[in-house]
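Me: Could you take a close look at one helix for me, and tell me what surrounds it? I would enjoy a connected walk through that part.

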Amino acid sequence: MGISLKGRGMIISLEGIDASGKFTQSNLLYKLLQSKGVRTTYASFPDYTTTIGQEIQAFLSRTKDYTVEARHMLFSLNRLEHKKEIEDWLNEGDVVVINRYCDSNLAYGGASGLSIEWLRSLESEMPQSNYVYYLKAKPNLSRERKTRSRDKFESDLAYLERVASVYDALAESPNWFTIDANNSIESVHYEISKITEELLKEHDEGKEIELVNTKAKPLKMQKNRK
Ligand code: ATM
């Protein structure tokens, strides 16, 4: 069970270019909330386990070709497969932590020349993020950090730079928090924990959920997935 939020839950999504630490940070946040007894669920997109997800995997690994519009519709469809599940979590008052969500499609699709408005319309049926944590990393740093390359865009630095600039523009929205992802895992996690603590207080009419214990040792380092 644990502490559930009063009324509807909230979605916190983590965004950023490849290897900016989203996977590590979303997991650390999820585990922190769990350890504090906050009802929380975790999701990550793309979900490669579904039939649509396998199509996504196929075009990312270049075994199948789709037009750019079809690729981004598949990403969107892959989210729609989970719409009911996410709505149920929100109705139960969960904090839903999501590693890449609708805004990934805006950033990557926009960088490929698609209209942001069209991309936004593809996502309009999904529950929207209450807050977005943008892990801002330098595109070249992201490339250096990678140990293996999986999809066909990753080697294209110019493309990553365009993705980063769409993210920068999206991050002007008031519900976005830009976090310097070039800092250590521990300090990024600390910043995320502080922001989340404040947001939970606001969302839950002053309920004190202490996420940051300044006396606690930093959490153990966790290896980046990629
Ligand atoms: P991951 O590496 O996080 O599994 O994402 C794979 C790619 O899918 C990544 N591209 N690169 N480079 C970001 C891209 N993507 C979209 O374009 N739209 C989406 O909606 C999602 C979830 C991911």
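Reply: Happy to! This is a predicted model, where local features need pLDDT of at least 70, side-chain atom pairs count only at pLDDT 80 or more, and totals for chains, interfaces and linings use all residues. Residues are numbered from 1 along each chain as its sequence is written.

Helix α5 covers residues 102-111; helices here are DSSP runs of H or I, at least four residues, and strands are runs of E, at least two, numbered from the N terminus. α5 is mostly covered, with 10 of its 10 residues buried (20 or more other C-beta atoms within 10 Å of a residue's own, C-beta atoms being placed from the backbone). Among them are Cys102, Leu106, Tyr108 and Ala111. The cover includes β1 (10-15), α3, α6 (116-122), β4 (131-136) and α8 (157-170).

Of these, take α3 (residues 68-80): its axis comes within 10 Å of that of α5, and the two cross at roughly 175° (axes are lines fitted to C-alpha atoms, for helices over the stretch in contact, with angles from 0 to 180 degrees between N-to-C directions). That makes α3 roughly antiparallel to α5, a label for angles over 145 degrees. His72, Phe75, Ser76 and Arg79 of α3 meet Cys102, Asn105 and Gly109 of α5, contact being C-beta atoms within 7 Å. By class, this contact has 2 nonpolar, 4 polar and 1 charged residues; Ala, Val, Leu, Ile, Met, Phe, Trp, Tyr, Cys and Pro count as nonpolar, Asp, Glu, Lys and Arg as charged, and the others, Gly among them, as polar.

Just after α5, Gly113 takes a positive phi of about 95°.

Notes:
Parallel < 35°, antiparallel > 145°, perpendicular 65-115°, else oblique. Contact = placed C-beta atoms within 7 Å. Buried ≥ 20, exposed ≤ 12 C-beta atoms within 10 Å, placed from the backbone.
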